[in-house]
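Here's a quick walk through a protein model, going from the overall fold down to a few individual residues. Have the viewer open while you read.

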Amino acid sequence: MASESNPLRELYQEIILDHYRKPRNFGPLEGANHQAAGHNPLCGDQCKVSLKVEPDGGIEEIHFEGAGCAISTASASLMTEAVRGRSVAEARKLFQRFHDLLTHKGEPDGELGELEALAGVRDLPVRIKCATLPWHTLKAALEGHGGDVSTEKA
Ligand code: ZN
């Protein structure tokens with residue numbers, strides 16, 4: 001493919017920068033009933049995800065905390081926006097689709113909305129872990145492990 005300026009790529013870049021500079025749903029969440037922390041030693045990204053899940057499985061609130069690179073912060077921010085108000089089952093499906101997108105098993109087709117802004121990292125293997133860290137942490141929080149997750153196996 002040509003390397004000339006690509007309007008879609010520029011839009012993606014803008015979404016990532018916007019979420020990095022003004023992260024949504026950032027900070028502690030009072031009354032959270034699911035929580036997990038994750039880190040990506042390769043980059044130094046730290047991410048803590050807190051959720052309020054209703055008895056019927058609806059995700060009422062989701063917040064994240066931590067410090068990381070632009071990709072991990074933007075990914076966490078976009079994730080909270082994508083998952084809030086959905087059911088736990090829908091959140092798992094979103095993670096699967098997002099993971100497929102980043103591993104070239106799926107193509108950006110609009111189904112994932114703004115999350116597709118991160119599709120560009122799939123050609124940057126080191127950054128894929130930055131983008132998936134918040135999602136792995138979310139999964140751990142929903143599964144109730146409550147422990148720490150790492151993108152690198154211990
Ligand atoms: Zn990173």
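Predicted model: local features only at pLDDT ≥ 70, side-chain atom pairs only at ≥ 80, totals over all residues.

The secondary structure amounts to four helices and four strands, and along the sequence they come in the order α-β-β-β-α-α-α-β. With a radius of gyration of 15 Å, close to the 15 Å from the globule rule for 154 residues, the protein is as compact as a globular protein of that length. Along the principal axes, the C-alpha atoms fill a box of roughly 50 × 30 × 30 Å. Of the 154 residues, 42% are buried. If you look at contacts between residues at least 6 apart in sequence, 58% of them join residues at least 24 apart. The protein exposes about 8,400 Å², and carbon and sulfur atoms supply 50% of that area.

Now for the inside. The largest nonpolar core has 39 residues, and the ones touching the most other members are Leu51, Val83, Trp135 and Leu138. Two or more residues each come from α1, β2 (45-53), β3 (59-65), α2 (70-83), α3 (88-102) and α4 (125-143). The biggest share is from α4, which gives nine residues. Take Trp135 as a way in: beyond its neighbours within four places in sequence, Trp135 is in contact with Ser75, Met79, Val83, Ala91, Leu94, Phe95, Phe98 and Leu115.

Cys43 counts as partly exposed because its relative accessibility is 34%, whereas Asp45 has a relative accessible area of 1% and so is buried.

Last stop is His19, which sits in helix α1 (residues 7-21). Is His19 buried or exposed? At 2% relative accessibility, His19 falls under the 20% cut-off, so His19 counts as buried.

| Side chain | Partner side chain | Distance |
|---|---|---|
| His19 | Ser77 | 2.7 Å |
| His19 | Glu114 | 3.4 Å |

Setting aside residues up to four places away in sequence, His19 touches Arg24, Thr73, Ala74, Ser77, Leu78, Glu81 and Glu114.

Conventions:
Residues numbered from 1 in each chain as written. Heavy atoms only, no water. Buried < 20%, exposed > 50% of the residue type's maximum accessible area, 1.4 Å probe, protein only. Polar contact = N/O pair within 3.5 Å; in protein donor to acceptor, adjacent residues only side chain to side chain. Contact = heavy atoms within 4.5 Å. Core = buried A, V, L, I, M, F, W, Y, C linked by side-chain atoms within 4.5 Å. Rg over C-alpha atoms; globule rule 2.2 N^0.38 Å. Areas by Shrake-Rupley, 256 points an atom, 1.4 Å probe, with all protein chains shown as cover.
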